[in-house]
Amino acid sequence: MPTDYYQTLGVRRDATSEEIKRAYRKLARDLHPDVNPDLEAQEQFKRVTVAYEVLRDPERRRVVDAGGDPLSNAPGGDPFGGGFDFTDLMDAFFGGGTRRGPRSRIRPGADALIPIELNLREAAFGVTREITVDTAVRCEICSGAGTAPGTSPLRCETCGGSGEVQSVQRSLLGQVMTSHPCPTCAGVGEVIPHPCSECGGEGRVRARRNLKVKVPAGVEEGVRIRLSGQGEVGPGGGPPGDLYVEVRERPHELFTRKGDDLHCRVTLPMTAAALGTSVHLETLDGAQDVAVKAGTQSGSRVTLRGSGVPHLRGVGRGDLIVHVEVSTPTRLDDEQEDLLRRLAKIRDEERPVAAKPAGGLLSRVRDAFNGR
């Protein structure tokens, strides 16, 4: 049975050329191997590409409408009989992917990457930003066809429209015939004698445009936001790739970010650390007084639960961790020195004694052997 190329593309038998083109672009955008690595999707991509190449050619389409298959090797069906397929034989020897016939001038576009710089608050709570991108877009003059108005591509005379040329080489096994992409049409099977003046036959031009990107809450350095179909338009006006916006986070003057937790350092005088105090701190949620307990030691941490960065994929937030450093005065006047000496005498701290380091079982065994 002949292949139903209309069903493969999902179009009616009376579909226009533009409807066939739109159907192929939509399928190619979803099934292209760069987007969908599934093996079944790759096979489907090959089938829809073949169907598009058949239906875009008026002569081949007339054969299909008459009930035939333009890709069969003979009017009566398979000339070898028994379902023999020469392409399958070549695939068995060379591992598949052997191309036969002209390749499409229309090819999917590449992805594009653009950085965006955010401050900590924007990265934490999300923001909508307008960005300017410079990518290839479809040529509006020729609608991606690459031809001047009123003209169309012509069949390549070098390869006769097959997209391939053959050459014969001598080898130990005799003469070997090999096929190569046609150098005149680059394997397309067609040439454009009158290219579009705007795109030069490429079907695409470079243009600068503005886009709005919504940055979700909780992003961090290196996260990429995908804008589907906003990348480079492919050759021949092919379906565009995707645009990836990569986050760059500016350093904050107070906070250091580690994942969804925020860290900062607060220096206290020794009197405040000894007596206890509260520290006025500007957090992401506004000003907040952080309580420091009496007797806080240098290197202590005060954790504010849920005051960090919102989780990107999930609910809740990280923590804000305040690292406390105790500052010892380096210069004292007579009155201050006298007060400290009196305090040291009251606390019996005039002659501190070095404390033994805390040890475990090995330390106690060592002390036993040393007679301690």
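Buried residues, meaning those under 20% relative accessible area (1.4 Å probe, protein chains only), make up 34% of the 372 residues in the chain. The model is predicted, so local features need pLDDT of at least 70 and side-chain atom pairs count only at pLDDT 80 or more, while totals for chains, interfaces and linings use all residues. Residues are numbered from 1 along each chain as its sequence is written, and side-chain values use heavy atoms, with hydrogens and water left out.

**Whole chain**

Display the chain as a cartoon: 9 helices and 15 strands are present. Both are DSSP runs numbered from the N terminus, helices being H or I with at least four residues and strands being E with at least two. Next, show the surface, of which the chain exposes about 24,100 Å², with carbon and sulfur atoms supplying 51%; this area comes from the Shrake-Rupley method with a 1.4 Å probe, and for residues only the protein chains shown count as cover. Among contacts (heavy atoms within 4.5 Å) with a separation of 6 or more, 62% join residues 24 or more positions apart.

**Salt bridges**

Side chains of opposite charge can pair when their charged atoms come close. A search of the whole structure finds 22 salt bridges, each defined as a side-chain nitrogen of Lys or Arg within 4 Å of a carboxyl oxygen of Asp or Glu.

*Stop 1: select K46 and E43.* Their closest N and O atoms are 3.7 Å apart in a salt bridge. Both residues belong to helix α3 (residues 39-55), where they sit 3 residues apart, about one turn of the helix. Each is partly exposed, a term for values between the buried limit and the exposed limit of over 50%: K46 has a relative accessible area of 46% and E43 one of 37%.

*Stop 2: select R250 and E117.* Here the side chains meet in a salt bridge at 3.1 Å, N to O. Because R250 lies in the loop between β9 (243-249) and β10 (256-258) and E117 in strand β1 (residues 112-118), the pair ties together parts that are 133 residues apart in sequence. R250 is partly exposed at 35%, and E117 is partly exposed at 43%.

*Stop 3: select R206 and D134.* This salt bridge spans 3.8 Å, N to O. R206 is in strand β7 (residues 204-215) and D134 in strand β2 (residues 127-138), so the pair ties together parts 72 residues apart in sequence. R206 is exposed, at 53% relative accessible area, whereas D134 is partly exposed, at 40%.

*Stop 4: select R12, D14 and E19.* These residues are linked in a network of salt bridges.
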